[in-house]
Amino acid sequence: MKDIVIIGAGVSGTCIARELSRYAAHICVLEKGDDVASGTSKANSGVIHSGFDAKPGTLMAELNVEGNKLMWERAKELNFPVKQNGALVVCTDPDERDHLDVLLDQAYKNGVPGVRILERDEVLKMEPNLTDKTVAALYAPTGGVISPFGLAIAMGENANVNGVDFQFETEVTNIYPIEGGYHLDTNKGPIETKAIINAAGVYADVFHNMVSEKKIHITARKGEYLLFDKAIGHIFTASVFPLPGKMGKGILTAPTIDGNLYVGPTANDVDDKEGVNTTQEILDLLVDKAETAHLCKIKLPLNRIITSFSGLRAHEDHHEFIVEEVADAPNFFDAAGIESPGLTSSPAIGVRMAKIVSKKMELKEKDNFISTRKGITHFRDLSEEEKQAKIAENPAYGQIICRCEMITEGEILDAIHRPLGARSMDAIKRRTRAGMGRCQAGFCTPKTMEILAREWGVPMTSITKKGGKSKMLVGYTKEI
Amino acid sequence: MEERQIVIIGGGPAGLSAAVAAKNAGADDILIIERDERLGGILNQCIHNGFGLHTFKEELTGPEYAKRYINQVIDFGIDYLLNTMVVDIDDKRQVTYMNREEGLVTIKADAVILAMGCRERPRGALNIPGYRPAGIYTAGTAQRLVNMEGYMPGRKVVILGSGDIGLIMARRMTLEGAEVKVVAEIMPFSGGLKRNIVQCLDDFDIPLKLNHTVVDIRGRERVEGVTIAEVDENRKPIPGTEEDYDCDTLLLSVGLIPENELSEKIGVPLDPVTHGPIVNETFETKVSGVFACGNVLHVHDLVDFVSEEAAKAGENAVAFVKANYYEPNRQQIDILAGEGVGYTVPQTIAQNIDEPLKVRFRVRGIYQGKAVSVYFDNERIQHKKKRIIAPGQMEEVLIKPEELNAHASIKQIKVVIEDA
Amino acid sequence: MKEEKTITCIGCPMGCQVTAVLEDGKVTEVTGNTCAIGDRYARKEVICPMRVVTSTVRVKGGNLPVVSVKTNGDIPKKQIAECMRQIRDIELTAPIVAGDVIVKHIVGTDTNVIATKDIQAV
């Protein structure tokens, strides 16, 4: 019997796993996808929220502000990229100006440092490409950007190094209590465990409701995005928000951690928890935003769009984080309703959950916990001397595989051979950015597939895009 | 720092032809830098025939066409590097390349020829809604997998875009046992050659649906189907015209874009229509001693024209190196794309010419019974009736030296489509 | 016997719909064409359309797993499928030089299937 099973290897699951890996316990993470961050965590704005948006007094507000503080520390410990670019909420209608004061008041109550209101001239000096309609803006200097995969991969790898077992492509189909714990049925066979942590994103209600009579309900709230080429990534430095609305924080125009620009997300509730398709109607709306210079004084060039994508928010009916032991299911812990600012909050969710679980289960801290982790060395970020040294040490760094993002074979090999090594095309992409550039993997696809097949010792025909049935090839020529 | 006379970036058809021509013109120190593991570029995967009718007066396949040039490069002893990527370049013609063996190396070139070719437009650029499963390939990526590596990317195929690569892949996949269900083309006409429509689609009863596009992609893991719909004159889908196709693969043949990341690093101004550098009659860009040719300059439909243009660029690079630089001997003339014309290459004339200058251009739509005219400032110099002109086929006009000499002070030349 | 066949001319982007009238297997009239190319094309295409076939053949021990091949002349269009069947099961051994004959007299024609690319042994 395992001590703890964590369902879900998204940002919540991996952060919880990492914090619990400080303790002596047999911990296993079950993930339906073939990689960390392949579900709810996969697609979002990648914003580190400062915490002015959450309602004062809520757990959401508390964990957001705490998560923001922790994020910068964790980034240093676990070597994942973050950037403090600040956030601006821009008011474009003089009649709505007082909304900024409401946000400022919330920021103050939530304990968000440094937030202030900038008048038009000041904010335009900071972001000269802001719309001419700019009246004033709320500025939050502790806002930042991050790659959600970067976070989950770092947390997952570190947890793994500290003894947490990860089982991918493992889908939990049923849970019921047994003497001293729980029985889980999965597509890979049954598992017994003393405790379960439910970090299943949009599916958290499904698992919660299997063991509890106090039902919760999570709606998949879809957000669609347009992603632009890095060539226009410099239009804004800060993440630029409109005034928030009923369904969320509104449609941003903002740079990503990698320097692309995006417009999004929209917010539409969908019935399908796997409904990550983009839709004509919403893409048209986003294109319209881009073309009509939403928040921005220039029209965004549509020929610089490199892709569109969508993600799902795990919206719990009360719009509040649930991070606790389920009242009528002992040793079943929920990390549920983790929607924005969930990414920012996840390091704090990890700490909070680890505290609750370790206390309840009387876990003992290990003395050999490894608190640091070294990420993949991104060749293009090195100095000329470092590059030379790297190639001399390993010639694979002299071979460019993805030309748009300048990713070398050395980085792809590292992504495959490190803890929780990449097995699929998307897993390589998330770890290295190979295929994320303007050609969207046109040139590097065959080469990346070849390297994956060679390193894992499998035929090319078994390589997948993202595990499961997502095979890249259907066979060989000359077969029919 | 090592110095080279002529550095050619790209060992595809443009780079090979430029190298051979430069050698023939007297250059003795040429280096071709190729990022792939073999010379020949995209020709290696274009195993169909139809190449070389202009150059060699016979029909060759892509690999055969490439081999004719590769053999010359080898026979001439022209230096080339494989698996080598140019990672940086500046306006002083300092080129930094990288490979496994040498690491990062910076060399200085007397002249640089840009011949990096083009890439395919991906799905994202089209904003096709739907899921993002496996099984969506650009036609060229599929072509490489099938023709060079022997893999099948899918067995039930829908193709979006009727560019030549898409048409060629429709036939190729069919011959390998796949079922190509339909080719959808958003425009009211195909950008592909008539010959390819007949021999790649009609021969195999593959329907071509003009004014149609993909409006949805189904399948979470692997493509399970796509929906196509008719579009109106603004290329917006018309509700109610949707048709579902079961398929495991969507191939995209929706346009090619010159690969000008390096050109941008040098600071070479690009033409907003071709997305390639603005060049003068010698194929020199706005940066002295930096030349461009082939698909990095503008996307061609025939490799023969790439070779011809690249050979000129090679010869001119040698002339530049020998003379060290050009002293403009006349006022610059701008060549403009007028009514009905999308772009011209070259875009400027910097020197007096001593042989007829070929100005290549593409038109914006299909024109029947119209004329191609050339204006020197406001004076019509040429006027030639054409049975048909289509965007898919590159057109040309010849500017004769005597015409230019007779109009010494003109500022612009304009190519227009007008009533015959 | 008299019949009509309509085809698309491939001579130029016009793509004229050319109709050929056949009497006892011979073309007696061509209409719809707008130039001489269309006439010539239609007369050949309606009687016995011919095509060059290009494909690949499997290779063992080479730097690539397949070699590109072509018929070194036209074969009748209706025999394309048979041609593909005949080369399907062939497996060559590297090295191969462009021009090497892979199959002589493919589908009973005077045409050979030849390699169009060099494959080095590895």
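Into which domains is chain B divided? The views below start there, and every one of them shows a predicted model, in which local features need pLDDT of at least 70, side-chain atom pairs count only at pLDDT 80 or more, and totals for chains, interfaces and linings use all residues. Residues are numbered from 1 along each chain as its sequence is written, while chains are lettered from A and ligands numbered from 1 in the order in which they are written.

**View 1. The domains of chain B.** Chain B splits into domain 1 (2-119 + 257-326), domain 2 (122-254) and domain 3 (347-419); such bounds come from an automatic or database domain assignment. Between the C-alpha centres of domain 2 of chain B and domain 3 of chain B there are 36 Å. Their contact takes 5 residues from domain 2 of chain B and 4 residues from domain 3 of chain B, where contact puts the C-beta atoms, placed from the backbone, within 7 Å. On the domain 2 side you will find 2 nonpolar, 3 polar and no charged residues (nonpolar: Ala, Val, Leu, Ile, Met, Phe, Trp, Tyr, Cys and Pro; charged: Asp, Glu, Lys and Arg; polar: the others, Gly among them).

**View 2. Where chain B meets chain C.** Here 23 residues of chain B are in contact with 22 residues of chain C. On the chain B side, α2 (62-75) and α5 (194-201) are the elements that give two or more residues, and α5(B) provides the largest share, 4 residues. Sorted by class, this side has 7 nonpolar, 8 polar and 8 charged residues. Helices are DSSP runs (H or I, at least four residues) and strands likewise (E, at least two), numbered from the N terminus.

**View 3. Around Ala18(B).** In the largest nonpolar core, of 157 residues, Ala18(B) and Ile113(B) touch the most other members. Helix α7 (residues 303-323) of chain B gives this core its largest share, 9 residues. Leaving aside residues up to four places away in sequence, the partners of Ala18(B) include Ile8(B), Ile113(B), Cys293(B) and Ala310(B). A core joins buried Ala, Val, Leu, Ile, Met, Phe, Trp, Tyr and Cys residues through C-beta atoms within 7 Å, and buried means 20 or more other C-beta atoms within 10 Å of a residue's own.

**View 4. Inside chain A.** Chain A has 12 helices and 23 strands. Of its 480 residues, 57% count as buried. A second, separate core of 121 residues includes Ala17(A), Ala137(A), Ala200(A) and Ala314(A).

Notes. Two residues are in contact if their C-beta atoms, placed from the backbone, lie within 7 Å. A residue is buried if 20 or more other C-beta atoms lie within 10 Å of its own, exposed if 12 or fewer, and partly exposed in between; C-beta atoms are placed from the backbone.
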